[in-house]
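Subject: Handover of a structure and its findings

Dear colleague,

Please find below the structure that I am passing on to you. My notes on what was found in it follow directly after.

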Amino acid sequence: MSSRDVHQPERAYGMTPQKDNLKIEFSCQFRQTLPNLRLSSLLTTFTALLPTLLADFIQKALVGYGELLMVRKKKPFSCGQCGNDEHFI
């Protein structure tokens with residue numbers, strides 16, 4: 001059984017937090033009407049999707065990075081009032 005076969009519960013946006021490397025699961029589904037199957041039409045349609053695709057990917061990566069940092073015992077930031085860098089709600 002591979003690690004892909006093991007079900008791990010997902011969080012709302014990112015994956016189950018890891019301790020070392022950032023791993024995200026990213027999938028997308030677009031519904032587009034293509035005027036024809038010419039390469040130029042396909043490229044034009046795909047190019048129009050790129051900004052949305054990139055924004056969604058960046059959001060997924062940022063949320064995953066935040067989850068990665070929050071599972072660490074010592075955080076790379078601290079409370080401005082008390083200096084705590086380990087326990088956050």
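Aspartate 85 touches Lys73, Lys74, Lys75, Phe77 and Ser78, leaving aside residues up to four places away in sequence; a contact here means heavy atoms within 4.5 Å. Please note that this is a predicted model, in which local features need pLDDT of at least 70 and side-chain atom pairs count only at pLDDT 80 or more, while totals for chains, interfaces and linings use all residues. Residues are numbered from 1 along each chain as its sequence is written, and side-chain values use heavy atoms, with hydrogens and water left out.

Aspartate 85 is found in the segment after α1. With a relative accessible area of 19%, aspartate 85 is buried. The term buried stands for under 20% relative accessible area, exposed for over 50%, and partly exposed for values in between, with a 1.4 Å probe and protein chains only. The side chains of aspartate 85 and lysine 74 are joined by a polar contact of 2.5 Å. A polar contact is a pair of N or O atoms within 3.5 Å; within protein, one must be able to donate a hydrogen and the other to accept it, and residues adjacent in sequence count only if both atoms are side-chain atoms.

Aspartate 85 and lysine 74 also meet through their side chains in a salt bridge (2.5 Å, N to O). Both residues lie in the segment after α1, so the pair ties together parts that are 11 residues apart in sequence. Lysine 74 is exposed, at a relative accessible area of 55%. A salt bridge is defined as a side-chain nitrogen of Lys or Arg within 4 Å of a carboxyl oxygen of Asp or Glu. In general, side chains of opposite charge can pair when their charged atoms come close.

How many salt bridges does the structure hold? There are two. Besides the pair already described, the side chains of lysine 73 and glutamate 86 meet in a salt bridge (3.4 Å, N to O). This pair links distant parts of the chain, 13 residues apart, with lysine 73 and glutamate 86 each in the segment after α1. Lysine 73 is exposed, with a relative accessible area of 60%, whereas glutamate 86 is partly exposed, with 28%.

As to the chain in general, it has one helix and zero strands. Helices (H or I, at least four residues) and strands (E, at least two) are DSSP runs, numbered from the N terminus. Of the 89 residues in the chain, 15% are buried. Among contacts between residues at least 6 apart in sequence, 47% join residues at least 24 apart. The accessible surface of the chain is about 7700 Å², and 57% of this belongs to carbon and sulfur atoms. Such areas come from the Shrake-Rupley method with a 1.4 Å probe; for residues, only the protein chains shown count as cover.

A search of the whole structure finds one aromatic pair. Phenylalanine 26 and phenylalanine 57 form this pair, which is edge-to-face, with 5.3 Å centre to centre and 90 degrees between the planes. Phenylalanine 26 lies in the segment before α1 (39-70) and phenylalanine 57 in helix α1, so the pair ties together parts that are 31 residues apart in sequence. Rings of Phe, Tyr and Trp (its six-membered ring) pair if their centres lie within 6.5 Å; planes under 30 degrees apart count as stacked, over 60 as edge-to-face and the rest as tilted. Phenylalanine 26 counts as partly exposed at 32% relative accessibility, and phenylalanine 57 counts as partly exposed at 39%.

Phe26 and Phe57 also belong to a nonpolar surface patch of about 460 Å², made by Phe26, Leu54, Phe57, Ile58 and Leu62. Patches are made of residues with over 30% relative accessible area and no salt bridge: like charges are joined within 9 Å, and nonpolar side chains (Val, Leu, Ile, Met, Phe, Trp, Tyr) within 5 Å.

Serine 41 is found in helix α1 and counts as buried at 13% relative accessibility. Leaving aside residues up to four places away in sequence, serine 41 touches Pro35 and Asn36. Glutamate 67 lies in helix α1 and is buried, with a relative accessible area of 14%. The C-alpha atoms of glutamate 67 and leucine 22 are separated by 9.2 Å, and these residues are 45 apart along the chain.

Yours sincerely
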